[in-house]
Amino acid sequence: MTAAPVASLSLETTISELALAIGQLLRRLRAESNPDGLTWSQTMALSRLEKAGPATTADLARMESVKPQSMGATLAELEREGLVLRQSHPTDGRQVLFALTAEGVQARRKRSAAKQKWLLAAMAELDPGERQTLVSAAALIKRLSEAEPEDPQARGHSGDGTLRDL
């Protein structure tokens with residue numbers, strides 16, 4: 001699609017274009033950084049464990065907004081692959097914590113390195129002005145992601161997730 005001047009795009013079109021572009025970039029990053037063939041759920045579980053440390057199945061399920069049964073299946077596969085291990089909970093003997101193994105840490109590093117390598121090569125094709133535009137856009141996208149949702153009824157929105165009220 002040819003880039004239209006920003007002033008001539010409606011807010012709804014801008015949102016659609018932004019969502020499409022972010023989705024395409026995320027899919028490409030996932031494809032480029034998946035040398036081990038892990039599923040998205042497995043990748044996210046490893047990422048959560050790396051960032052938050054050992055966690056229960058229920059805690060991980062809550063963090064990822066999935067059912068505990070689904071997270072349990074994901075963790076079971078990661079355990080079979082040797083990427084996570086079970087540990088006793090330090091204060092509650094009824095619970096089990098999952099933690100990354102050394103192989104799990106290596107898998108995360110390998111994925112991060114592959115993603116970085118592809119993105120560096122892709123960005124090297126941009127001119128300095130385009131790279132600066134991306135830096136500015138990244139800051140704005142981060143601000144958008146941190147925005148607190150407003151009450152849809154307060155602004156007259158339908159609240160059904162559509163953009164028709166914009």
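In this predicted model, Glu77 and Arg80 form a salt bridge, and their closest N and O atoms lie 2.9 Å apart. Side chains of opposite charge can pair when their charged atoms come close. Both partners belong to helix H4, which spans residues 68-80, and because they are three residues apart there, about one helical turn separates them. The two partners can also be described by their accessibility. Glu77 is partly exposed, at 25% relative accessibility, while Arg80, with a relative accessible area of 61%, is exposed.

Glu50 sits in helix H2 (residues 40-52) and Arg108 in helix H5 (residues 102-124), so the bridge ties together parts that are 58 residues apart in sequence. Is each partner buried or exposed, or something in between? Glu50 has a relative accessibility of 39% and counts as partly exposed. Arg108 counts as buried, because its relative accessibility is 10% and the cut-off for buried is under 20%. A further pair is made by Glu79 and Arg86, whose side chains meet in a salt bridge at 3.0 Å, N to O. Glu79 is partly exposed, with 27% relative accessibility. The count of salt bridges comes to eight.

Of the 166 residues in the chain, 20% are buried. The chain exposes about 11700 Å², and carbon and sulfur atoms supply 56% of that area. Among contacts with a separation of 6 or more, 49% come from residues 24 or more positions apart.

The packing of H2 and H4 deserves a look of its own. Two packed helices are described by the angle between their axes and the distance between the axes. For H2 and H4 the angle is about 80°, and the axes are 10 Å apart. H2 is therefore roughly perpendicular to H4, since angles of 65 to 115 degrees are counted that way. Which residues of H2 and H4 meet? On the H2 side they are Ser41, Gln42, Ala45, Leu46 and Leu49, and on the H4 side Met71, Thr74, Leu75, Glu77 and Leu78. The residues of this contact divide into six nonpolar, three polar and one charged. Glu77, listed here in the contact with H2, is also the salt-bridge partner of Arg80.

Most residues other than glycine have a negative phi, and most peptide bonds are trans. Ser65, by contrast, has a positive phi near 55° although Ser65 is not a glycine. Ser65 is also exposed, with a relative accessible area of 68%.

Helix H3 itself includes Ala58, a partly exposed residue with a relative accessible area of 33%. How many residues apart in sequence are Ala58 and Met71? The two are 13 residues apart in sequence, and in space their C-alpha atoms are 7.8 Å apart. Met71 is one of the H4 residues that meet H2.

Definitions and conventions:
Residues are numbered from 1 along each chain as its sequence is written. This is a predicted model: local features need pLDDT of at least 70, side-chain atom pairs count only at pLDDT 80 or more; totals for chains, interfaces and linings use all residues. Side-chain values use heavy atoms; hydrogens and water are left out. A salt bridge is a side-chain nitrogen of Lys or Arg within 4 Å of a carboxyl oxygen of Asp or Glu. Helices (H or I, at least four residues) and strands (E, at least two) are DSSP runs, numbered from the N terminus. Buried means under 20% relative accessible area, exposed over 50%, partly exposed in between (1.4 Å probe, protein chains only). Contact means heavy atoms within 4.5 Å. Accessible areas come from the Shrake-Rupley method with a 1.4 Å probe; for residues, only the protein chains shown count as cover. Axes are lines fitted to C-alpha atoms, for helices over the stretch in contact, and angles run from 0 to 180 degrees between N-to-C directions. Angles under 35 degrees count as roughly parallel, over 145 as roughly antiparallel, 65 to 115 as roughly perpendicular and the rest as oblique. Ala, Val, Leu, Ile, Met, Phe, Trp, Tyr, Cys and Pro count as nonpolar, Asp, Glu, Lys and Arg as charged, and the others, Gly among them, as polar.
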